[in-house]
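Hi everyone, thanks for coming. I'd like to walk you through one structure today, so let me put it on the screen.

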Amino acid sequence: MTVIDKNTAPLLHVEGLKQYFRISSSYTTKAVDGISFDIWPGETYGLVGESGSGKSTTGRAIIRLYDPTGGMIIFDGHDISGKMSREDERYLRTNMQMIFQDPMACLNPRKKVKEIIAQGLEIHHLYSSQKELEDKVYAIIDKVGLSREHATRYPHQFSGGQRQRIGIARALVMNPKLVIADEAISALDVSIQAQVVNLMKDLQDELGTTYLFIAHDLSMVKYISDRIGVMHLGHIVETGTTDEIFENPIHPYTRSLLSAIPRPNPRIEKKRVAVEYDKEKEGVDYTAGHIHKLTDTHSVLATDEEFAVWSKDHSY
Amino acid sequence: MPTPKDLNDRVLSIRDLNISFDTASGTVHAIRGVRMDLFRGETIAIVGESGSGKSVTVKTIMGILANNGHIDSGSINYTFVNEKGEKETVDMTRLSQKEIRYRFCGKHIAMVFQDPMTSLDPTMTIGKQIMEGMILHLKLSKAEAKKRAIDLLAKVGIENPEKRFKQYPHELSGGMRQRVVIAIALACEPDILICDEPTTALDVTIQAKILELIKEIQAESNFAVIYITHDLGVVAKVADYVDVMYAGRIIEKGNIDEIFYDPRHPYTWGLLASMPDTDTNSKRLFAIPGTPPNLLEKVTGDAFAPRNPFALKIDYEAEPPMYDVGGQHRVASWLCDPRAPHVAMPEQLRERMEKMRKEGILE
């Protein structure tokens, strides 16, 4: 596990990020409603939650596929919220990359693999000669475990796992500081998921890339993340190191998520009863709560009364 | 559970099924000699990666095989009680797809698909969709059908069934929609319920509830269930028996304990080991190297051999037969041959098995 030096500045600082979508004059969806978190260089931050919790929207707002409604995003000292200056935008586009969920939909079917991978370098003129461009492309192809003869093929000629490798290569060829992986493995088969996750970990060890790993599969998130943020209905309800979240979950939503992880052990699985959590029934209002810090790294969103009840049977 | 079974309870028996598809780039042998038995009241899970042929197998049972697919050989014998109340057995491979669909689909064999939004008709109220099958197959009057439909909605755990009856699919949440799909499937009291990845499109918190619902209703009505899934967590929760498929063949089958606590085929080892475990803190996930074979090419030997770190020389030459390794456990791997060298499962997996066994007994 990466040791995080909290004295250094975070690579990504998100504060009060809001992303609303106006549906009609009378109705606005608050997909992300004022979330704050930091990601330190070299770590993997996992963002989990059910569909509709706003985890993907968060990723897309950070990389500025959307225009955030409010809040501040500081990426490696550059303010990338609101209207960006030319330099800030260039910095963002070259140093933050994204890996998408569906590897077929995110690769241009009419371009060869090497063209797909080289595209980012070409757009940003990050090479001095054609030879350097080619070297960079082939180096990354080797690194993600594809072979060089794959470079002249088209995306449809690959299997799902290989396509995801192309997606990873395309992101990493830019030598980014931060990679946002949005459900990067959920469209893959189980045996291939493990390959891709191992690859992402190996590349992180080698290149020191930072990941924002967005997923709904908690067991995979546990495996890859140093820290985890749990999102529900546009709020981060709990955040902490992976151990803190798994060993000592405070928020009832986190607990219900953890209890819902299926376990490949029939005798246990047949008896497992998932903890239910219904925000309405419990009368939890996320907007009324504020952040309670349990440790330096572990915090939970709650009102004072809720916090007193939830943390009663926990040792801190 | 593994009591000797009464053959009278057998609803489905598949023997030596071979199916291939004609494609622009050649013939794909998608199913290669599948054998399967299904008894009343039990649950079978077919596990495999995409392209392993698990969906094709059940689509054949439902008579919804794609137009370029054809059954080369084999039989699917389905035993049911006909309109006259007599027991009848038909070989579904000899019927036309149309006949299967008119006589059996929905009435005797029903299916729950992966994505409830695409399997429901967005222009019809859910009540109408539930009634459709009952009016067609059971010849019920509209009033009777409506009464039963509302009962069914209540049964699948939908609150306020009278109100929901008049609503359209888009007004319901994903979990609710899947409950409606289950209600439709159960409307004509089928003998066999096929669930094709029923929870993949749903959130983890809802998955377990849907599986529990199917289980409860199964216990009441005593029909047989076939699950198709690649999620071993789902299998662990619901299945009595497991068939592991790879490249169109069943490579390991047995009851749930045999597969999860004593797997023998290296592919099953890989599948189990590549599931992330929330208890262990191992640094690397076990991954099966390579990708599934392309079935356009003829498979010589064991289809899994190129990805198998334990492959023997013979694996590249001849296809392994099904070995009986005791109980109901059958394995298609040369490693189970008495002449084969002894190969133990990977250390990481062995440790986990140990732990699983202990936990399973303790709780």
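Let me start with a helix in chain B: the buried residues of α11(B) are B:P266, B:Y267, B:T268, B:W269, B:G270, B:L271, B:L272 and B:A273. Buried here is a count: 20 or more other C-beta atoms within 10 Å of the residue's own, with exposed at 12 or fewer, partly exposed in between, and C-beta atoms placed from the backbone. Helices (H or I, at least four residues) and strands (E, at least two) are DSSP runs, numbered from the N terminus.

A word on where this comes from: the model is predicted, local features need pLDDT of at least 70, side-chain atom pairs count only at pLDDT 80 or more, and totals for chains, interfaces and linings use all residues. Residues are numbered from 1 along each chain as its sequence is written, while chains are lettered from A and ligands numbered from 1 in the order in which they are written.

Now the core. A nonpolar core is a set of buried Ala, Val, Leu, Ile, Met, Phe, Trp, Tyr and Cys residues joined through C-beta atoms within 7 Å. The largest one has 184 residues, and B:A183, B:I192 and B:Y227 have the most contacts inside it. Helix α7 of chain B, residues 174-186, gives the most to this core, with 8 residues. Leaving out residues up to four places away in sequence, B:I192 touches, among others, B:L38, B:H108 and B:F223; a contact is two C-beta atoms, placed from the backbone, within 7 Å.

Over to chain A, which has 12 helices and 12 strands. Of its 316 residues, 45% count as buried. An open sheet of 4 strands in chain A has the order β2-β1-β4-β5, with antiparallel pairing; strands pair if DSSP finds at least two bridges between them. Its edge strands are β2 (27-39) and β5 (78-79), each pairing on one side only. Inside the sheet, 5 bridges join β1 (residues 12-24) to β4 (residues 70-75) of chain A, and A:K18 stands opposite A:G70 in β4(A).

So how do the two chains meet? At the interface, 32 residues of chain A are in contact with 33 residues of chain B. On the side of chain A that touches chain B, two or more residues each come from α6 (190-207), α7 (218-224), α9 (252-259) and α10 (266-269) of chain A. Of these, α6(A) gives the most, with 6 residues.
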